[in-house]
Amino acid sequence: MPRIRDSSAILLAIACSVSEGELESVAIFVDVQNIYYTTRQQFSRHFDYNRFWAEVTKSRKVVKAIAFAIDRDDEKQRQFQNILRAIGFEVRLKPFIQRRDGSTKGDWDVGITLEVLEHAPQADVVVLATGDGDFDLLVHKIREKHRLTVEVYGVEELSAGSLMRAADRFIPIKEPLLLGIK
């Protein structure tokens, strides 16, 4: 009997040390505008950030999580940003710019790229939520330089093929990553 207890204790200790010390580390970066517009266009629905967080952090240690959004100085937007913060994201805001010709500007591509390059060395996995093909070069670079895994979440029909091919794993946004009923 003592042997079984000793073996059980050893197995339990090994399991605990593996589960505590060997978690895969993840850095998460979300292009909020891209995700908002692509899920709205394709599904007429919103992205479920809570479910996304649960999926990408399962059995992983988060080293960085940033959601990049546009600040329209709107109460509904502030509520949404607070929800993102409560989930675990750091929220980075860029002012919404409307030009005289009616066009708008609110692009985070350079900011996202800089943050990914800065935080990728601390992660085993980089998760990038966007369908923007401009990020394919970034994905190639961090995979090559840091030998890590890159997962890209995007609306398949509206995501750049070059970005999907650059990633180690492309995860299409569809059920259950959508809120509400169409």
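**Charges, rings and cores**

Visitor: Starting with Glu-24: what is its relative accessible area?
Guide: Glu-24 has a relative accessible area of 32%, so it counts as partly exposed. The terms work like this: buried is under 20% relative accessible area, exposed is over 50%, and partly exposed is in between, using a 1.4 Å probe and protein chains only.

Visitor: What am I looking at, and how are things counted?
Guide: This is a predicted model, where local features need pLDDT of at least 70 and side-chain atom pairs count only at pLDDT 80 or more, while totals for chains, interfaces and linings use all residues. Residues are numbered from 1 along each chain as its sequence is written, and side-chain values use heavy atoms, leaving out hydrogens and water.

Visitor: What does the pLDDT average?
Guide: The average is 88, and 84% of the residues score at least 70. Over residues 1–19 the pLDDT is below 50, and beyond near neighbours in sequence that stretch has 2 contacts in the model. pLDDT is the predictor's confidence in each residue, from 0 to 100. A contact means heavy atoms within 4.5 Å.

Visitor: Back to Glu-24. Which side chain does it meet in a salt bridge?
Guide: Arg-60, at 3.0 Å from N to O. The pair links distant parts of the chain, 36 residues apart: Glu-24 is in strand β1 and Arg-60 in strand β3. Strands (E, at least two residues) and helices (H or I, at least four) are DSSP runs, numbered from the N terminus. A salt bridge puts a side-chain nitrogen of Lys or Arg within 4 Å of a carboxyl oxygen of Asp or Glu.

Visitor: Is Arg-60 buried or exposed?
Guide: Buried, because its relative accessible area is 16%.

Visitor: How many salt bridges does the whole structure have?
Guide: A search finds 11. One of them joins Glu-90 and Lys-64, at 2.9 Å from N to O. Those two are 26 residues apart, with Glu-90 in strand β4 and Lys-64 in strand β3. Glu-90 also meets Arg-92, at 2.7 Å. Arg-92 is partly exposed, at 23% relative accessible area.

Visitor: Which residues do shared partners join into one network?
Guide: Glu-24, Arg-60, Glu-151 and Arg-169.

Visitor: New topic. How many aromatic pairs are there?
Guide: The count comes to 8. In one of them, the rings of Phe-47 and Tyr-49 have centres 4.8 Å apart and planes at 85 degrees, so the pair is edge-to-face. The rule pairs rings of Phe, Tyr and Trp (its six-membered ring) whose centres lie within 6.5 Å; planes under 30 degrees apart are stacked, over 60 edge-to-face, and the rest tilted.

Visitor: Which residues form the aromatic cluster?
Guide: Phe-47, Tyr-49, Phe-52, Trp-53, Phe-80, Phe-89 and Tyr-153 form one cluster. Phe-47 and Tyr-49 are both buried.

Visitor: Which residue has its charged end over the ring of Trp-108?
Guide: Lys-94, and its charged end is 4.9 Å from the ring centre. For this, NZ of Lys or CZ of Arg must be within 6 Å of the ring centre and within 35 degrees of the ring normal.

Visitor: Now the inside. Which residues touch the most other members of the largest nonpolar core?
Guide: Ile-28, Val-30, Tyr-49, Phe-52, Phe-89 and Tyr-153, in a core of 27 residues. Elements giving two or more residues to this core include β1 (24–31), α2 (32–43) and α3 (49–57). The largest share comes from α3, with 4 residues. A second, separate core has 23 residues, including Ile-70 and Phe-135. A nonpolar core is a set of buried Ala, Val, Leu, Ile, Met, Phe, Trp, Tyr and Cys residues joined through side-chain atoms within 4.5 Å.

Visitor: What about Leu-93? Where does it lie?
Guide: Leu-93 is in strand β4, residues 90–95. Leu-93 is partly exposed, at 31%. Not counting residues up to four places away in sequence, the residues it touches include Ala-69, Gln-81 and Trp-108.

Visitor: Last one: the backbone. Which peptide bond is cis?
Guide: The one from Glu-175 to Pro-176, with omega near 5 degrees. Pro-176 is in the loop between β9 (169–172) and β10 (178–179).

Visitor: And what is the phi of Ser-44?
Guide: It is positive, about 55 degrees, although Ser-44 is not a glycine. Ser-44 is in the loop between α2 and β2 (46–47). At 55% relative accessibility, Ser-44 counts as exposed.
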